[in-house]
Amino acid sequence: MTTARQGTKVRAGWRLLVCALTLLAGCSREPLTADPGVEMPAPKQSSFSQSRSTHARGAATPVRLEIEARVPAELSEVLAFYRRELGQRGWHEKPDDAVIAADRVQLAFASPNGPATLKLGRAKGATTINLAQRNPEAAARADVLPTAGQARLIFGYLVKDVASLVINDQTIKIAGGENHPQVLDLPPGTYSCALLVSGLRMRTDTITVAAGEAWSLSDDKEPSQVY
């Protein structure tokens, strides 16, 4: 008895093309490597990258370093890149409160200079990156370090006795003078803030702050994290 096997016949020319495409697919994506031109690590393959440093009065060392980037790579690849690069720099990942999902990652690290956070996300087929590092020694020298377990708001105005800040219906007078900013420590959470100048509402914002963070408030800019 003869058994006949059925299958798809592929011409020799097509077989060569399929093999070539398979080889190309396996070799087209180079491993992510660090860009040597930036202080905070970012993939050299990033399509977009920008870094920021926050300096406070009285502190020569930045109180906060941050880099934002976008790279056309899978989230898992970027996560592996950062775990490798940050580990080589002496950063230690803290498993508490880690978030690792298919479309986002948030990790906390203890770095040689202070606490740090890594946030990854997905947008338009690419992985977005936000890496921030804080320096508590520099923050303490600049008086922007909040009380333990609290967050700090920093605000000031150049003209005396004409400005006030409303935080969740609590009104706080703002002293004048560029060199004398007001500070307010408060529990972590989400707050509504309104800045009043001569009784007129200049701007209203909603701000979410975490323990250990410091944010700057002003009449002409959105709230910005300084530590």
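Among contacts in the protein chain between residues at least 6 apart in sequence, what percentage join residues at least 24 apart? The share is 50%, where a contact means heavy atoms within 4.5 Å. The structure is a predicted model, in which local features need pLDDT of at least 70 and side-chain atom pairs count only at pLDDT 80 or more, while totals for chains, interfaces and linings use all residues. Residues are numbered from 1 along each chain as its sequence is written, and side-chain values use heavy atoms, with hydrogens and water left out.

**Overall composition**

- The protein chain holds three helices and 14 strands, these being DSSP runs numbered from the N terminus, with helices (H or I) of at least four residues and strands (E) of at least two.
- Of the 227 residues in the protein chain, 36% count as buried, a term that stands for under 20% relative accessible area, as against over 50% for exposed and the range in between for partly exposed (1.4 Å probe, protein chains only).
- The accessible surface of the protein chain comes to about 14,000 Å², and carbon and sulfur atoms account for 52% of that area; the areas come from the Shrake-Rupley method with a 1.4 Å probe, and for residues only the protein chains shown count as cover.

**The six-stranded sheet**

- Strands of a sheet pair through backbone hydrogen bonds, either parallel or antiparallel.
- Six strands make up an open sheet with antiparallel pairing, in the order S1-S2-S6-S5-S4-S3, where two strands are taken to pair if DSSP finds at least two bridges between them.
- Strand S1 (48-54) and strand S3 (92-100) stand at the edges of this sheet, and each has a single partner strand, so one side of each is left without a neighbour in the sheet.
- From one strand to the next, the twist averages 15°, based on axes that are lines fitted to C-alpha atoms (for helices over the stretch in contact), with angles running from 0 to 180 degrees between N-to-C directions.
- S1 runs antiparallel to strand S2 (residues 64-71) and is joined to S2 by seven bridges, with Arg-52 standing opposite Glu-66 in S2.
- Strand S4 (residues 104-111) and strand S5 (residues 114-123) run antiparallel and are joined by eight bridges; Arg-104 stands opposite Gly-121 in S5, and the two strands form a hairpin with two residues between them.
- S5 also pairs in the antiparallel sense with strand S6 (residues 126-134), over eight bridges, and here Ala-116 stands opposite Gln-133 in S6.
- The hairpin formed by S5 and S6 has two residues between the strands, and Lys-124 in the turn has a positive phi of about 55°.

**The four-stranded sheet**

- Four strands form an open sheet of mixed pairing in the order S10-S7-S13-S14, with strand S10 (182-186) and strand S14 (224-225) as the edge strands, each pairing on one side only.
- Strand S7 (residues 151-155) and strand S13 (residues 214-217) run parallel and are joined by four bridges, and the bridge partner of Leu-153 in S13 is Trp-215.

**Strand S8 and its partners**

- Strand S8 (residues 163-167) is mostly covered, with five of its five residues buried; Ala-163, Leu-165 and Ile-167 lie on one side, Ser-164 and Val-166 on the other, and both faces are covered.
- S8 pairs with strand S9 (residues 170-174) in the antiparallel sense over five bridges, and the two form a hairpin with two residues between them, where Asn-168 in the turn has a positive phi of about 45°.
- S8 is also joined by five bridges to strand S11 (residues 189-197), the two running antiparallel.
- Ile-167 stands opposite Gln-170 in S9, and the bridge partner of Ile-167 in S11 is Cys-193.
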